[in-house]
Each structure stands twice: as structure tokens, then as C-alpha cells.
Amino acid sequence: FLTGVLDQREADPGDDLFSAIAAWRQNPRYQSEEEVIGMAMVSFLAGLDTVTGLLSFAALHLASHPEAQQRLVEEPQIVPQAAEEYIRRNGLSNSGRLITKDVTRKGVPMKQGEILLVVDALCSMDERAYSNALEVDFDRDTSTHDTFGNGVHRCVGEHLARLEMRVFLEEWTARIPECRIDPDLPPLTYSGVVIGVSQLGLVWEV
């Protein structure tokens, strides 16, 4: 499917992301079709499970912190800051790295050929950078955090993720009464390359 999309964009390019990816085929640094397919796959899939997880963790926090729900209802102007704090606190993406040679780091031996999972999500929960980093604080200064990465590896979808988080909080607090965790359906979370919520039961009075 993506090959067809890229072929179409290459033949009739626009100003969209997939046209830019298709144009890589003409770049002198282009090495194989796997490169453009890889870029297209990341762009196509990256915003699905990450945003689902982000919204789920925000809903989980709201359901277990009625004071946070109430504050967003009473102070809708803080929604952008609250959205950014949820993004900081709930970094979801982790990176895999191949060990290319034997090395020992801080007493931990790592062997050539092993795969290392780098938990990038912990960067924005560093107590040296944020006091009570594990707590969600709508008044926290979140002007800098590493949830979206840095440099050339910075997430291309960060602006869309912020918008989705803000719209979710605005619509949720405007439409849903005070909610709580369903005691018969406790939350289940999972970890891996992407962190997420596999079960989240919420209840509220209608």
C-alpha cells in the first residue's frame, strides 16, 4: 500500500510528508527502497499507538484524581499547560539499539549482537530536572522536556500530538461527568518499544 502511495507522490508531488519521503529516491544518498518504506512506515504508524497510549494515561490520571478533573472544568485556560504536562509525564516511545562490540558500562557488561532497550520515556522524569517528577503538576514549567526526542531524531508529529491532547482534554472535561476507575475492571498497562494501556475501565453517573 505504501509503495503505491509513494509512487503516486513521486509522479505527482505535493507539499505533504509522503511527497518529501518519495523525493528521497532522487537523493544522491539514497541506497535502497527499504529506506523510503521505513520512513513511510514510521510516519504512517507512529501516531497510532502512541497517541492512544497518551490519551489513555491522561484518562487514567483524571479518573484517579477528581481534583484534576475539577480544576480543568473550572479553569479551561490551563488545558494547554495540562496537555504538555501529560505529554511530559507519559513519554511512550523507547529505542532499540544493537550492541556492535563488547562493552561494560557502569559495571553492566553488554555483548556484541545483543539488543538494548533504551527507555527514553524516563528522560522527562529525571528528578534532577523536575521536582516530584512522577507527579502530574499542571503548574509545572514544561517548556523543556524530552518526550518528543531531540535533534534530528525529534518527533515529526509532536505538533499533532499536542493538538490531539488539548482537544481530548477540552472535549472530555466539557462532556464527561466526574469519572472514576471501574473497580471491576482495573487498569492494565504494558511496556516495550511503546508503552501503553491495554485495559481501562471508567464509570460515571449519567
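Arginine 25 touches several residues beyond its neighbours within four places in sequence: Thr3, Leu6, Asp7, Glu10, Tyr30, Glu33 and Val36. Contact here means heavy atoms within 4.5 Å. The model is predicted, so local features need pLDDT of at least 70 and side-chain atom pairs count only at pLDDT 80 or more, while totals for chains, interfaces and linings use all residues. Residues are numbered from 1 along each chain as its sequence is written, and side-chain values use heavy atoms, with hydrogens and water left out.

Where does arginine 25 lie? Its place is the loop between α2 (17-23) and α3. Helices are DSSP runs of H or I with at least four residues, strands are runs of E with at least two, and both are numbered from the N terminus. Arginine 25 has 13% relative accessibility, so it counts as buried. Buried means under 20% relative accessible area, exposed means over 50%, and partly exposed lies in between (1.4 Å probe, protein chains only). The side chain of arginine 25 also makes a polar contact with the side chain of glutamate 10, at 2.8 Å. A polar contact is a pair of N or O atoms within 3.5 Å; within protein, one must be able to donate a hydrogen and the other to accept it, and residues adjacent in sequence count only if both atoms are side-chain atoms.

Next come two helices. Two packed helices are described by the angle between their axes and the distance between the axes. Helix α1 (residues 2-11) and helix α3 (residues 33-64) have axes that come within 10 Å and cross at roughly 105°. The axes are lines fitted to C-alpha atoms, for helices over the stretch in contact, and angles run from 0 to 180 degrees between N-to-C directions. α1 and α3 are therefore roughly perpendicular to each other. That label covers 65 to 115 degrees; angles under 35 count as roughly parallel, over 145 as roughly antiparallel and the rest as oblique. Which residues make the contact? α1 supplies Leu2, Thr3 and Leu6, and α3 supplies Val36, Ile37, Ala40, Met41 and Phe44.

Now the aromatic rings. Rings of Phe, Tyr and Trp (its six-membered ring) pair if their centres lie within 6.5 Å; planes under 30 degrees apart count as stacked, over 60 as edge-to-face and the rest as tilted. By this rule there are 4 aromatic pairs. Phenylalanine 1 and phenylalanine 44 form a tilted pair, 6.2 Å centre to centre with 50° between the planes. The pair links distant parts of the chain, 43 residues apart: phenylalanine 1 is in the segment before α1, and phenylalanine 44 is in helix α3. Phenylalanine 1 is exposed at 74% relative accessible area. Phenylalanine 44 is partly exposed at 42%.

Tryptophan 172 and tryptophan 204 form an edge-to-face pair, 5.9 Å centre to centre with 80° between the planes. Tryptophan 172 sits in helix α6 and tryptophan 204 in strand β8 (residues 202-204), 32 residues apart. Tryptophan 172 is buried at 17% relative accessible area, whereas tryptophan 204 is partly exposed at 32%. Ring pairs link Phe168, Trp172 and Trp204 into a cluster.

Two loop residues remain. Lysine 106 has a phi near 55°, a positive value in a residue other than glycine. Lysine 106 is in the loop between β2 (103-105) and β3 (108-110), and is exposed at 76%. Asparagine 132 also has a positive phi, near 45°. Asparagine 132 is in the loop between β4 (115-118) and α6 (158-175). Its relative accessibility of 53% makes it exposed.
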